[in-house]
Amino acid sequence: MNDLLNSIGYNAWVLPALLLIPLIGAVVILLLPVTDRPVEHEVETPAARSVAFWIFLLEFVVSIGLWWTYNPANTGWQAGIDYSWIPSWGVRFTLGVDGIALMMVLLTTFIMPLAVLGSWTSIRTKTRSYYALLLILTTGMLGVFLARDLFLFYVMWEVMLVPMYFIIGIWGGERRIYASLKFFIYTMLPSLLMLVAIVYLGLHARGAAGTPDFSYDHLLAATSIPERTALWLFAAFFLAFAVKVPMFPLHTWLPDAHVEAPTAGSVILAGIMLKMGTFGFLRFALPLFPGASMNPTVRMIILILAVIGIIYGALVAMVQPDFKKLVAYSSVSHLGFVMLGIFALTLQSVQGALMVMINHGISTGALFLLVGMIYERRHTRLIESYGGIARVVPLFAAILTFVSLSSIGLPGLNGFVGEFLVLIGSYRTYPVLAIIAATGVIFAAAYLLWAIQRILFNSLDRSDNTHIPDLNKRELALLVPLLIVIVWLGVYPQPVLRRMEPTSQLLIDRVQGHATVASLAEGAR
Amino acid sequence: MNFDLSLPAQLSGALGPELLLMGGAMLLLLWSGWRAETDAHQRNVGILSIVLCTLTMILVGYYAYVGYTASVGVIAVDNFRWAADEIFLLATIGTIAMSLDYNVREGITAGESHVLLLLSTSGMMMLAAARDLIIVFLGIELMSIAIYVLAGINRRQERSAEGAIKYFLLGAFSTAFLLYGIALVYGATGETNFARIYNNIGQFHLEHSALLLVGIALLLVGFGFKVAAAPFHMWAPDVYEGAPTPITGYMAAAVKAAAFAAFFRLWLEAFPSLLTTWHEAVWWLAAITMVVGNLVALAQRNIKRLLAYSSIAHAGYILVAVVVGTRLGSSAFLFYLFAYTMATLGAFAVIVALGSRGEDRMGVEEYAGLWSVRPGLAVAMAVFMLALLGFPIFGGIGFFAKWYVLQAALQSPFPQTRLAVVLVVTSLISAGYYLYVVMVMFMKPRDQAAVLPARAGGWTRTVVWASAAIILIFGLFPDAIVSFTRRSAPVLTTDAPGAAPTPAYQRTAGAQAPELASIRPGLSNTGH
């Protein structure tokens, strides 16, 4: 496989191609002829969705080669490219993957075609614009994972925002306008602060000619930022990422956005966009400011917020009457595990955090898809409107139970691997917090199993529920890949872990190395 | 080539573009009065005006390309002037093109309306060139008087007449401030030429002269009115609302840019040695303008008033570049003017395209569901709104403009960190109203009873698409403009011999000398 890919020069063109294919696809879709005004409940321009699906499938096929060409033994950037973009400002168009970015890219390209299938019949109006926005969104998300230049990273970070704003605001539920604006403002405020921090970093690293330098590698090498300034810069990055994650007190945009977004929007938000925050910590906030992020006070605050997020998210999820909101709050809880793993900073905990990121994308994505499917049939998301539907829709019930068990962290399925690694990893550095966090797993079992019981089992006492059609072929086709990945990652996560390990190790060494140097210098004074 | 400005022939050569535009405008004025007022005649005059502006743009481009220089004199011959001129001319072409459609719709048959725009533009070009307070005054008057007339060109309409009177009275008021300031500065220094003012301040140690300080304060107030900086902004919303929409766009884009160009040059060439005196004042002016403009804009529900407050807010952002004042600041200043002008012009072109005779429906809510009936205009308007918001890629060049100002603010020898934070926070506030427009257009359902807006005229549509294209294309590849404005920057310098740093600004910090040097790169041409 590797030889074949190398023979077509795969590494040289794959990353720009991944960013370009969706953009070209968006243009193609916008140029599709509009069919006549659709009759009630018909899909406008049905060609748009199939074209979008094939483009996303092509994107996935192109990206999957990275799985083989990526060489875990090499900790540097791979498949990198470097073009000049705005020379007067020292901005370059630089892309590359490391072990972490690799998995995030594959997660993105894997989920996107499924998200299209999930919108197949639920998006009926303005389909061309909808799928074009999904494609542009993909470019933005991949750009965030691939950027090696902080300016480019920031641009891509903001590029994600507008398509999602429109997707929530135009095709969302009843309170969509409120939710989309909240989403936009919550994300934009800290992003702008991050922009100021990026400008500062770029100017700090400027060369003799006075041109700023935003290259990630150069910024890593430049270490002479005063400690107080570093704390402020870290705070700016922290806010931007913590809102995206979202961490405990900053999470209030999430339930609104997730609930109001159309199914594909929720899937992408939960599956991919939340990972931007934790990815940002791993890629930027920690390595660029090791001193500030390893400052015992800062670290403790973040860890405690993470643990609060785990417990709080789970408890709030437990009392939600709305199933979609329940899943949304469960994200707060899961992402708390990721933050705990990252800031505990042992190899296991970081690897575990990365696994949780992937698993959460798969499992929660699947949950949102399932919620969307049942909503399309019954037009309600309230748990109490259901009951006993396992007898009516056995296939749906089986898959929902299966996915819920994976989300809870049943050993043998994917959820277990990540959370277990986070807990044993963080137990080594923060035993008390790890023990408290472990109770979050119990709560997770409580809220999901209880919800499943009320939806699927109990007694079938509502007449509306007796004639729900079961999953159709399209829905099965989009769920099966997810189920396969759930089992695969649960049983044999080794290939994934092996690819991420050197990068995680490098990160830990880098952060701890700097922190040790800093504390030695402190001691010498 | 070096113009010797003491020789009349060479002075005329240095004023070539202005003379071309003014001469052409005079001929057009004669021709437009020659025939009876009809739509066709009005249109012909307008098209010829566009041709004249294009020719002037080419001439300006040629001057910039050759890289003329000049001796000390009443006008500057440098890239700053050429860059500013190109911005004004571009805005003028856009305005005339919009007016062609607008005048037909509103029944304005006076071809002179286009000629007045040309005259106003030549005033702006003088402002960009001015190196003498008298020229500043001439330029301001030439520019403003034409605009007073244009604001009331639709004289049968009550709102237009009201706006025109308001604009005239307040304009005269602010001109009085300006004139009084000029008189006092002249009284204190005995000079009207920027370079000699600077010279005399150093030579006679006038840093604490009360007369001079009061004069500077009055100048600041006068310019504050002209650029609509808070707290001197009160006139703008009413006038913007009342004036014919293309003229409003012209006022918001070009007039403001011209006043800023003169302001920038005056401050940095004549008074760099009084840095601490005016610096603090402009600092506060910038901060207050950003905060007030953005906060009040949030409450606006009329699209023209909303854009009026948005333009006030942008005056604040541009003032940040003035505060920074360095070489980089001047480059960022020009870049910002360009981006702002394009986005404002485009936004007003959309309003013209969607308006109907009499302009009575100007509420933002009128645009509800616009996307479903006029998708092109809705998308273009979203681009302009995002550009004004300063959003990357989708807002194109608007983001880079803010980025550049931010970068200049942080890179100055005295990093304006607090001002940068104010800029960032107020930009966020501005999301509240720019996104409101976007939200109404895309997310609100269309009122079934609403009248479908008539298809816009070809000229207006061209302006919309051209501005959107410029914003988006340069939003991907801004380097050409950055390097052009950067070339424009270093020539901005007094030709006065370097005077020793004066005690006035050594007062604050010993390290303030580099700031002076960087403002006047003629003294030390080092970058940062």
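**Figure 1. Confidence along the elements of chain A in this predicted model.** Helix H21 (residues 494-524) of chain A has the lowest mean pLDDT among the elements of its chain, at 77. The highest, 92, belongs to helix H5 (residues 127-146) of chain A. For chain A as a whole the mean pLDDT is 87, and 96% of the residues reach 70 or more. Where pLDDT is low, predicted coordinates should not be read in detail.

**Figure 2. The contact between chain A and chain B.** Chain A contributes 26 residues to the contact and chain B contributes 25 residues. On the side of chain B that touches chain A, the elements that give two or more residues are helix H17 (397-411), helix H18 (417-443) and helix H20 (479-488) of chain B. Which of them gives the largest share? H18(B) does, with 10 residues. By residue type, this side of chain B divides into 17 nonpolar, 6 polar and 2 charged residues.

**Figure 3. The overall form of chain B.** Chain B has 22 helices and 2 strands. Its radius of gyration is 22 Å, close to the 24 Å that the globule rule gives for 528 residues, so chain B is as compact as a globular protein of that length. Along the principal axes, the C-alpha atoms of chain B fill a box of roughly 70 × 50 × 40 Å. Of the 528 residues in chain B, 62% count as buried. Among contacts in chain B with a separation of 6 or more, 81% come from residues 24 or more positions apart.

**Figure 4. The largest nonpolar core.** This core has 415 residues. Ala258(B), Tyr336(B) and Val405(B) are those with the most contacts inside the core. Helix H14 (residues 327-354) of chain B gives the most to the core, with 21 residues. Leaving aside neighbours within four places in sequence, Ala258(B) is in contact with Phe88(B), Met124(B), Leu127(B), Ala128(B) and Met143(B). In soluble globular proteins, nonpolar side chains tend to be buried together.

**Figure 5. The surroundings of Thr92(B).** Thr92(B) lies in helix H4 (residues 79-106) of chain B. Is Thr92(B) buried or exposed? Thr92(B) counts as buried because it has 28 C-beta neighbours inside 10 Å, and the cut-off for a buried residue is 20 or more. Apart from neighbours within four places in sequence, Thr92(B) is in contact with Cys53(B), Leu117(B), Thr121(B) and Ala254(B). Val292(B) is 200 residues from Thr92(B) along the chain, and the C-alpha atoms of these two residues are separated by 29 Å.

Notes: Residues numbered from 1 in each chain as written. Chains lettered and ligands numbered in written order. Predicted model: local features only at pLDDT ≥ 70, side-chain atom pairs only at ≥ 80, totals over all residues. pLDDT = per-residue confidence, 0-100. Helix = DSSP H or I, 4+ residues; strand = E, 2+ residues; numbered from the N terminus. Contact = placed C-beta atoms within 7 Å. Nonpolar A, V, L, I, M, F, W, Y, C, P; charged D, E, K, R; others polar. Core = buried A, V, L, I, M, F, W, Y, C linked by C-beta atoms within 7 Å. Buried ≥ 20, exposed ≤ 12 C-beta atoms within 10 Å, placed from the backbone. Rg over C-alpha atoms; globule rule 2.2 N^0.38 Å.
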